[in-house]
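Q: Hi! I have a model open here and would like to talk it through with you. Could you take a look?

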Amino acid sequence: MQREVGYEPRSVKRLLAEMKDIAELMIDLSYSAVLLDNGEVAAEVLELEAEMDVLQLKTRMSLLMAARSPDDAEALAPVMGIVGATEKVSDATGDIAKIVLEEIGLPEAIRGALPEAIETVVRARVASDARFSGLTLGELNLESETGVRAIALHRAGEWVLNPDHETALRADDVVLFRGPEEALTGVYQSTTGAAYIPPNPPEPAIGDLERATDSVVLMKNMSELAVDLAYGAVLFDSTDLADEVVNLEAEVDALQDRFEAWTLRAASRVDDPVSLRGLVHLARSTEVISDAAVEISEGVLRGIGSHPVIAEAVGESDEILVRLTVAHDSDLDGATLGGKMVKTETGMRVIAVRRTGREDVTDESVTKETVTRARDEWEVSPGPETELRVGNVLLAKGPRTAAERLDALAGE
């Protein structure tokens, strides 16, 4: 039975922040459900999808109430676009979860590739007599000690997204932990009192199916990055970042084309071609997520700009986006991301680095002389070997407290 929804005065800013947080959590959980073939995690995704449906209706109602003139309509159009795009992300991740719940299935080959693309997520119910019961996340200091992070908590039918150091683990809470599998073993046992049983290792992939699987993994990484950059584009009203989102979406489309060809070739060499249906389902949903990222940044792309409520909502979400410049006296000057262990030390993930270079161009005026001008380049999804210099701009994502640590490291 569908839940009835009526208008109630609520902050659009807060509604947008909730939608952003839930959409990002759903991306994590849906792929993890597929990786682990875990019906319980997949069911959590569908619960979140139902919550998202209610939130988007409430947000649309609030936006309609706020539009009283043509100027209002123009200013709020990008906000409405973000609501629709976020709903698309929610629907796509729900479809991914159904691969598990409806037993569509995936070739075992893909589970050999996905662990490299995403960290493992486990669902753990707190036992009253477990070691972690009654303790706060701050007291446990999990992320610093083990690399495992509590990304969400389900308590008495309510969600706590990105719980902080003051959040206590109570008996019967359902906690979603994300991190390296070897570290999750101890965390799971200390939470539930039971031993963690990892999924069986898959058989190695072969031939065209292996290439199709690699394409899906790349599509997943690019789509997730595109969503992050899209929110960065609207937060900072950056056409450069919006252009990068468009470029990523084009790359995902190209990968989708190659994926389809390799999957069709593989179908002739597997015992049961129907077993590839889940892989096709996963690729299609992943491509929808990248399309939605472009829609999130469409207001910036079309020169409408971003309404202040969008920036405020992104700033109030549980995982925030920050833009920092490497200062002259910064410890990051001349260092690599891996060398300084930026993610480990701060808890922030650098998703893009902007560098300002120089290029020679022909002056289009009467003189036709060659002139030198500044040119910005973005390196998206930088790795541990990425070297930083004074003046580089970092776009990073993570908890608010972690942002303060990165700010100190950058020297701003």
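Q: Let's begin with charges: which side chain meets K98 in a salt bridge?
A: That is D95, with N to O at 4.0 Å. A salt bridge here is a side-chain nitrogen of Lys or Arg within 4 Å of a carboxyl oxygen of Asp or Glu. Before we go on, this is a predicted model, where local features need pLDDT of at least 70, side-chain atom pairs count only at pLDDT 80 or more, and totals for chains, interfaces and linings use all residues. Residues are numbered from 1 along each chain as its sequence is written, and side-chain values use heavy atoms, leaving out hydrogens and water.

Q: Where do K98 and D95 sit relative to one another?
A: Both are in helix α3 (residues 70-101), and because they are three residues apart, about one helical turn separates them. Helices (H or I, at least four residues) and strands (E, at least two) are DSSP runs, numbered from the N terminus.

Q: How many salt bridges does the structure hold?
A: It holds 15. Another one joins R123 and E40 (3.4 Å, N to O). This pair links distant parts of the chain, with R123 in strand β1 and E40 in helix α2 (residues 39-66), 83 residues apart.

Q: And R123, buried or exposed?
A: R123 counts as buried, at 18% relative accessibility, while E40 is partly exposed at 46%. Buried means under 20% relative accessible area, exposed over 50%, and partly exposed in between (1.4 Å probe, protein chains only).

Q: What about D228, which residue is its salt-bridge partner?
A: R349, with the closest N and O atoms 3.1 Å apart. D228 lies in helix α9 (residues 207-236) and R349 in strand β6 (residues 349-362), so the pair ties together parts 121 residues apart in sequence. Salt bridges with shared partners join K20, E24, D228, R349 and K397 into one network.

Q: Switching to the sheet, what is the strand order?
A: The open sheet of four strands runs β1-β4-β2-β3, with antiparallel pairing. Its edge strands are β1 (120-125) and β3 (158-161). Strands pair if DSSP finds at least two bridges between them, and β1 and β4 (residues 174-179) are joined by six.

Q: Last one: which residues touch the most other members of the largest nonpolar core?
A: L16, L29, V79 and L229, out of 77 residues. Such a core is a set of buried Ala, Val, Leu, Ile, Met, Phe, Trp, Tyr and Cys residues joined through side-chain atoms within 4.5 Å. Helix α1 (residues 12-36) gives the most to this core, 14 residues.
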